[in-house]
Amino acid sequence: MSSMQGRRRLVAAVDAVLIVGVVIVGQLTHDISPLSEPLATIGTVAPFVAGWVLTAGLIGLYREQWLADPVQSLRSTTAAWLGAAGVGLVLRTSPWLSGGAAWPFGVVIIGTVLFALLPWRLLAWWLFVAE
């Protein structure tokens with residue numbers, strides 16, 4: 001495995017951990033324990049992770065040139081998350097998943113995940129690319 005491939009995998013893994021982490025923190029603030037209610041956690045996390053996989057793949061978020069340019073990385077990460085949140089919210093509020101979501105949830109999930117992803121992406125660029 002090349003070092004760039006390893007870096008892309010690391011960035012993708014941390015992206016996923018941050019998305020899952022933000023959702024879990026949100027659940028904890030609403031007195032929902034991921035340990036005592038794992039199905040509720042999966043039902044909340046899965047639509048957003050699915051949206052992330054879909055949009056990050058469509059955008060090509062982990063291509064080398066997008067990881068190498070910090071401005072492009074932040075732009076593409078923002079675009080991917082806006083798309084992923086849209087997919088996640090559609091799935092989350094669909095009749096196929098229980099739980100639904102009130103409209104403020106969309107604003108909160110978009111803002112808090114971007115607040116987690118963008119500084120990480122800037123740090124990843126600095127660690128892996130900046131001289």
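**Exercise 1. Find which residues line the largest cavity, and sort them.**

Step 1: The lining consists of M4, R7, R8, V11, L67, S73, R121, A124, W125, F128 and V129. On a 1 Å grid over the protein atoms alone, a cavity is a set of points where a 1.4 Å probe fits but cannot get out, and lining residues have an atom within 4 Å of a point.

Step 2: This is a predicted model, where local features need pLDDT of at least 70, side-chain atom pairs count only at pLDDT 80 or more, and totals for chains, interfaces and linings use all residues. Residues are numbered from 1 along each chain as its sequence is written, and side-chain values use heavy atoms, leaving out hydrogens and water.

Step 3: Sort the lining residues: seven are nonpolar, one is polar and three are charged. Here Ala, Val, Leu, Ile, Met, Phe, Trp, Tyr, Cys and Pro count as nonpolar, Asp, Glu, Lys and Arg as charged, and the others, Gly among them, as polar.

Step 4: Now look for the helices (DSSP runs of H or I, at least four residues, numbered from the N terminus). At least two lining residues come from each of α1 (3-29) and α5 (103-128).

**Exercise 2. Describe how α5 is placed.**

Step 1: Pick out its buried residues (under 20% relative accessible area, 1.4 Å probe, protein chains only). In α5 these are G106, I109, V113, L114, A116, L117, W120, R121 and A124.

Step 2: Look for their partners. The buried residues of α5 pack against α1, α2 (38-59), α3 (64-68) and α4 (70-92), with contact meaning heavy atoms within 4.5 Å.

Notes
On a 1 Å grid over the protein atoms alone, a cavity is a set of points where a 1.4 Å probe fits but cannot get out, and a pocket is an open set with protein on both sides within 12 Å along at least five of seven lines; lining residues have an atom within 4 Å of a point. Buried means under 20% relative accessible area, exposed over 50%, partly exposed in between (1.4 Å probe, protein chains only).
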